Protein chains: 4
Amino acid sequence: MKIGFIGLGAMGHPMAKRLLKAGHALVVYNRTAAKADDLVAQGAVVGATPAAVAHDVDIVFSMLLDDAATQDATFGPNGIAAGLPPHAVHVCCSTISLAQARRLRDGHAERGQTYVSASVLGRPPAAEAGELFVMAAGQADVLDRLEPALQCFGPKIFRVGEDPVQANLVKLSLNFMIYSTIEQMAEVFALNEKAGTDPHTIFEIMTGSFYNAPVHKNYGKLMVDQEYDHPGAPVTLGLKDVGMFMNAGGDYGVPLPYASVVRDRLLSAISAGDAERDFVVIQERVRQESGLKQDSKK
Amino acid sequence: MKIGFIGLGAMGHPMAKRLLKAGHALVVYNRTAAKADDLVAQGAVVGATPAAVAHDVDIVFSMLLDDAATQDATFGPNGIAAGLPPHAVHVCCSTISLAQARRLRDGHAERGQTYVSASVLGRPPAAEAGELFVMAAGQADVLDRLEPALQCFGPKIFRVGEDPVQANLVKLSLNFMIYSTIEQMAEVFALNEKAGTDPHTIFEIMTGSFYNAPVHKNYGKLMVDQEYDHPGAPVTLGLKDVGMFMNAGGDYGVPLPYASVVRDRLLSAISAGDAERDFVVIQERVRQESGLKQDSKK
Amino acid sequence: MKIGFIGLGAMGHPMAKRLLKAGHALVVYNRTAAKADDLVAQGAVVGATPAAVAHDVDIVFSMLLDDAATQDATFGPNGIAAGLPPHAVHVCCSTISLAQARRLRDGHAERGQTYVSASVLGRPPAAEAGELFVMAAGQADVLDRLEPALQCFGPKIFRVGEDPVQANLVKLSLNFMIYSTIEQMAEVFALNEKAGTDPHTIFEIMTGSFYNAPVHKNYGKLMVDQEYDHPGAPVTLGLKDVGMFMNAGGDYGVPLPYASVVRDRLLSAISAGDAERDFVVIQERVRQESGLKQDSKK
Amino acid sequence: MKIGFIGLGAMGHPMAKRLLKAGHALVVYNRTAAKADDLVAQGAVVGATPAAVAHDVDIVFSMLLDDAATQDATFGPNGIAAGLPPHAVHVCCSTISLAQARRLRDGHAERGQTYVSASVLGRPPAAEAGELFVMAAGQADVLDRLEPALQCFGPKIFRVGEDPVQANLVKLSLNFMIYSTIEQMAEVFALNEKAGTDPHTIFEIMTGSFYNAPVHKNYGKLMVDQEYDHPGAPVTLGLKDVGMFMNAGGDYGVPLPYASVVRDRLLSAISAGDAERDFVVIQERVRQESGLKQDSKK
């Protein structure tokens, strides 16, 4: 299969590389062209515009930063939609709002084009290793065709439904569960610390008993080590994520009290000057409210 | 070692049996004496009162329903404290409030007696199989002495600290995390269902990716199957648990917004007539608020 | 003074009429021209477009439904900005988001035009009677010039600050306080009703003691009478209002837990089929959660 | 009428004085006897014990600090119940929990004694001036008999119902509304301050428009002046109050999300070292979360 890839950022670049390694002919596009250099050295071809890439392939993936970048690369001048032929399919992997997901679905439908959503879960090292989780939604026969390409990203491909927007909501939901688990652990760590118990002990008990999922292990570890400055995702990204999740609640009339609590933590972290630190820093808000000593690394 | 066991309920009975099977000499006491019959058939001896049991052993475990039962069996007439000799130790395994945990600690101390807390995590089948998690707190040398007995309950014994109360708070914390994870999943299930996605699909994605701890698998399964009437723990027990956790927050000045949300769900479930159903039924409150069809099994 | 007025809806029409009655020369514009008929009969002149109105006057008021209508009437083709002369001023009275408020402020500034915000508090009968509260923000000398016109709307004109956006936030804040007071009273009414006390009795005690503001009297009365279908503002408007308030919290990093609770009530009311009923109907969500009998008028 | 009064604290003393001034024969009791000196100088008689007071009068009021003091003075040795004759009535004015209110009701009923609850709203200066609000609950004919005595406390006597406990819940509810209004105003003040608007301006607009109840005026003023150390009620009292209100919610299965938010503020204030300052200091928690400058008077 001939595959196009738009967006070679921290996630897109290793995903594109996985496709190339699997033997697919790859045409890439990135606003900053230099990001494609090593892929070209391995056999990829650079397209002049998203439209040019789309025109030339069977599948075009997009993995861009946000709603605006996705909208621009899809329906802007020389965007994917301007080039996508009838037999090809646009697969959006970005984490975007449901409103933007609907714009993609409807905009391609108006043009008689084929579109599916394939959200991915995992951080860059997982993308590198082909260990992302893929949540795909769209027409079943289209997803069938995509299967060999999607398997380059990770062994587990979950099919969510026929409406592409469903996959976007699952992705927002899974992200919310990270923040929510952090809040839950933060309340437990703070209370036990006030009673004299080292959070590391609580962490060992959690992860040694019923709370041993990666979400507990990975984020719990960062929390008990007060490790807020490793190269992770910042508070501002968390706020965007939770905001999109809450907007989805607004669309469907679903109250989300836990999401509201998390949003308030993120806002408070920003007011405390932690906007650009890893979002696990929201734990410090729980600590402050509890009268516990604040993180000294800042 | 000669071991006493007070309280042969759903958890206490299999725990006592594990001690017996491991070859310990066992003296038991239960308000309803018949509960001891099969243990006696296997070699256990019945004590006339908690005091009589305590008088006769090296270690006396208590595993009782709540604060009141524990207080009565310990400091009431013919209670454990009335019989406990200087060389022996009282080990409380019950889930009790911090206020009661302090009464046990201080009451024994006043009498010059030795006391530790060893909270256990797990349901009756795990007790039967010797697969409970044990969280112990007290003097280190006393815990050393208890090690062989505690290992009968489960392979993992976590030491929390020197103050017995710390173990009780850890237990309340772990219970809170169950309710809290249910709320978190309930919000996600309801929102995705409103967007057209079957909660079973979300459950598979969760447990197939980063949310694969027993707490997700066990409770998530009950939730997506709307299985609210299996022989589990009722809403009223959940309310007691979360109330004790919030009271601990009150003791230490720790705000617990997630616990408050869960408490409100439990209260609402009671008002909806679900007081005696399994506490996962709080999911129905999230469903109702979201305008989703209500459980029809009631 | 020669005054223009754009938007003759439920609020705008009586406000324009007050200006006319006070002897000001009035030029009006409304998308549905017929709404201006009675004003014309009383001496007003109809402008062909917002630009034409603005071109001809000293002050142009706009009182439109929402962000989109305001943006269109201001910066759209033949909008206010296309006609506003250097000596004149655009006064926006609409309840709009802070984002839109900034667009107005900045868009006019870029064009070297004068702009202030004058949000109004009160329902249509108060507009009719000239008893609105006016919250104005902008350059002090411009507000001085506007004073005689603003006094037609109500006797109390509060000056909030130099930045027009400040007045918009005050308006969103005061609206939030209505919803928030409803929630607070709803919790009290429901709890006391469950204890056997008629909410009407509670209402009398509240309004006869420390809780005797119009917000308690007016909304409390609707609540205890379960009067959800009078010609007031619908749940959907409440959701828009609270959403704009929460977005302001997002802009400034201010956690707003009470606003989050109210948002969830409004969403739940929509899911219960009450989207178009008066927003006091959110009380029914509190009643339902509490197991109280539901409103039968629906 | 011959009237007894037990408890001559900050509220009880001026209330007793009002009865005396109105010409009633008064018998008083206070643990610290000296508190009665000036009343004796004005004609009151001191009883040796609560039982002795109760034995001698037609009505015995009690106005004590809390549950424990009330229980002790009523059912303890030489308590009111030990002396109360069949024709007399015990009127409890204290702010107590519903559990304690039930103990009073049921304890007196078991003894064939007459008991009503008459909670009062207002601070000491209002008690001095006879301007308290009285919420009374009990048998109607008993309340009729009490009317002349209750009118000494304030002109407005609200009858809540036949069950004395109802009056206690109304009192807890009205107290909750104070804390809740503080939270609501705190969110508004903080957000507007971050947008550049002086809270004093917001306060003027509130109290000059729809938010002009004493609760807005009195507490709002303290808030914008950051006046946290005047001789008011401390955070710890607020926590007790809100705790009793939430326990009432627990009794009746009523979720109270606003009360939970307030409880968390109070806990956080205690952790910040403000336990003994006036409870309006919870505003500082909102300010801190918002990144606003903290109160410097501490």
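1. Ground rules. In this predicted model, local features need pLDDT of at least 70 and side-chain atom pairs count only at pLDDT 80 or more, while totals for chains, interfaces and linings use all residues. Residues are numbered from 1 along each chain as its sequence is written, chains are lettered from A in the order in which they are written, and side-chain values use heavy atoms, with hydrogens and water left out.

2. Chain D with chain C, extent. Contact (heavy atoms within 4.5 Å) involves 60 residues from chain D and 60 residues from chain C. The two chains bury about 5200 Å² between them, 70% of it on carbon and sulfur atoms; buried area here is the accessible area (1.4 Å probe) that two parts lose on being put together, summed over both. D:L191, D:F210 and D:Y258 supply 15% of the area that chain D buries against chain C, more than any other three residues.

3. Chain D with chain C, polar links. There are 25 residue pairs in polar contact, both at pLDDT 80 or more. A polar contact is a pair of N or O atoms within 3.5 Å; within protein, one must be able to donate a hydrogen and the other to accept it, and residues adjacent in sequence count only if both atoms are side-chain atoms. The salt bridge count is zero, taking a side-chain nitrogen of Lys or Arg within 4 Å of a carboxyl oxygen of Asp or Glu as the rule.

4. Chain D with chain C, elements. Helices (H or I, at least four residues) and strands (E, at least two) are DSSP runs, numbered from the N terminus. Elements of chain D that each supply at least two residues to the side touching chain C include β7 (133–137), β8 (156–161) and α10 (199–207). The largest share, 19 residues, comes from α9(D).

5. Chain D with chain B, extent. Here 16 residues of chain D are in contact with 16 residues of chain B. The pair buries about 1100 Å², 52% of it on carbon and sulfur atoms. On the chain D side, D:R263, D:D264 and D:L267 lose the most area to chain B, together 38% of what that side buries.

6. Chain D with chain B, make-up. Zero salt bridges are counted between these chains, alongside six residue pairs in polar contact. From chain D, α12 (235–252) and α13 (257–271) each supply at least two residues of the side that touches chain B, and α13(D) gives the most, with seven residues.
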